[in-house]
Amino acid sequence: MPAISVIIPVYNTEKYLPQCLDSVLMQSFTDFEILAVDDGSTDASGRICDEYALRDSRIRVFHRKNQGVSCARNQALAEAVGKYVIFLDSDDYWTGKDNLGKLYRVATESDADLVRGGQYISVDESGKQMADSSVHDKRERYVGKILSPSVFLSHIVRGEFFLFLFLVKREKLQGLKFNSRQVFLEDMDFVCRLMCTPLRCVYVDDRFYAYRKHDASVSRKSDIRHLDDSFSMCRRFDVLKGMTFDRRLKKIFSRYRVMMYYWTLQTLATDPFYEDRHHIIDKYNLAGLRKDVNSWFWEDCLSGFSLVFFMSPAAGTVYLRKRTGVTLPIRKAMSKLRKIFSAG
C-alpha cells in the first residue's frame, strides 16, 4: 500500500508530459503510486504513459475514451489505494525534489486530513517563469497550525481553489466525486464540497508547483460553457450553504453565491461574449437567477452596493461594460475571485 496516490489526468500533452512525470519520479520521498489516466488522447500522450509505466512499476496507466478531466479524476480516485491523494495536471510539474516528502511529513506529524502548499509559479510554454505567487501577509500567522474548514477557506484558500496544492487523506474523499458535467471551476466545486466535512487542515508556505499557461490550456479558452458553469456556481453555493451546519461556512457560501453572479456578469460584458449576451441570457435563464441573487443580496445584508443587482442581466452587462458600478467592499470581494478565472 503506497502512502500517496498521485493522480494525473492526461489529454494531448505530449510536449509537457515527460517533464510532469519526471518531476514526480525524482522525488526523494518514494512511497507513492502514479495513476495516469489517458483521457482519449489523440497525440503520443498515451504511448508516453505506457513507456514510463514499463520503466517504473509505481506507475499505473488507464486508457479511456475522452470524457473530460473530471471523469478521468473520478476513475483515478476509484482506483487509488494510497493513504493520501494529490493531484497534478499533465502539463504542469513539481519544482523541487522534496515536495512530496514535506507535505507528507506535515500531514503525518500533525495528523492532518488536508495539507495545502502555499506558493506556486506560472510558466509559459517553454517553462520560463511568468509570475511567482507569494505568501499573503494574512496567511503567514496560520502556517503549521491546525485549522477548521471555515478558517481554512476564508484565510488560506482566499479564492485560490487550486486543487493541485492539496494533499488530502483518501478516506475523506469517500463518496466525493467531481461533477462530470462541469468543464470549468470544477476545482472550486470539489474543494467547497470537501470543506463541508469535518477536517483538520494545515497550511505550509513552501513553493512546489509550476502551473503552465499555454494556448491549448482549457482555462485560457473563451467558452460559453465556462459562463454556464460560473453562473451555475451561484446556485451551487446556495445548496452548499444548506449542507453545512457551520455558521461561518454558511456566511462564506452566502457571500460567494452573490459574488459569483456579479463577477461572471462582468465577464459576460467583455468582448468574447458581449455580442452574444442576449442569447446567453435567455439560454441560461439569467433573469431568473438575477432575481434569486437580488433576494440573496438583501438576505445577506451585503455592505457593498451595485445597481447590477437591481437591473435585468441585459442592462447589467451594458452598465458593467461602461463602468464598474461597484463600491469598495464588493470590489475587494470580487478581486479575490479574479485569480480563479485567470487560472481556471
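**Exercise 1. The whole chain**

What percentage of the 344 residues in the protein do buried residues make up?

Solution. The model is predicted, so local features need pLDDT of at least 70 and side-chain atom pairs count only at pLDDT 80 or more, while totals for chains, interfaces and linings use all residues. Residues are numbered from 1 along each chain as its sequence is written, and side-chain values use heavy atoms, with hydrogens and water left out.

Step 1. Take the cut-offs: buried means under 20% relative accessible area, exposed over 50%, and partly exposed in between, with a 1.4 Å probe and protein chains only.
Step 2. Of the 344 residues in the protein, 57% are buried.
Step 3. Helices (H or I, at least four residues) and strands (E, at least two) are DSSP runs numbered from the N terminus. The protein has 13 helices and nine strands.
Step 4. Contact means heavy atoms within 4.5 Å. Among contacts with a separation of 6 or more, 78% come from residues 24 or more positions apart.

**Exercise 2. Two packed helices**

Describe how α6 and α7 pack.

Solution.
Step 1. Two packed helices are described by the angle between their axes and the distance between the axes. Axes are lines fitted to C-alpha atoms, for helices over the stretch in contact, and angles run from 0 to 180 degrees between N-to-C directions.
Step 2. For α6 (residues 186-195) and α7 (residues 224-243), the angle is about 5 degrees and the axes are 11 Å apart.
Step 3. Therefore α6 is roughly parallel to α7. Angles under 35 degrees count as roughly parallel, over 145 as roughly antiparallel, 65 to 115 as roughly perpendicular and the rest as oblique.
Step 4. M188, D189, C192 and R193 of α6 meet M233, R236, F237 and L240 of α7.
Step 5. Ala, Val, Leu, Ile, Met, Phe, Trp, Tyr, Cys and Pro count as nonpolar, Asp, Glu, Lys and Arg as charged, and the others, Gly among them, as polar. The contact of α6 with α7 then has five nonpolar, no polar and three charged residues.
Step 6. In α6, 10 of the 10 residues are buried, so this helix is largely enclosed by the rest of the structure.

**Exercise 3. Helix α5 and the residue after it**

Which residues of α5 are buried, and what do they pack against?

Solution.
Step 1. The buried residues of α5 are P149, S150, V151, F152, L153, I156 and V157.
Step 2. These are seven of the nine residues of α5, so the helix is largely enclosed by the rest of the structure.
Step 3. The buried residues of α5 pack against β6, β8, α6, β9 (201-212) and α8 (247-268).
Step 4. After α5 comes R158, in the loop between α5 (149-157) and β8 (166-169). R158 is not a glycine, yet its phi is positive, about 50 degrees.
Step 5. R158 has 16% relative accessibility and counts as buried.

**Exercise 4. Aromatic rings**

How are the rings of F162 and F164 arranged?

Solution.
Step 1. Rings of Phe, Tyr and Trp (its six-membered ring) pair if their centres lie within 6.5 Å; planes under 30 degrees apart count as stacked, over 60 as edge-to-face and the rest as tilted. This rule gives 20 aromatic pairs.
Step 2. F162 and F164 are stacked, with 5.3 Å centre to centre and 5 degrees between the planes.
Step 3. Both F162 and F164 are buried.
Step 4. One aromatic cluster is formed by Y120, F162, F164, F208, Y209 and Y211.
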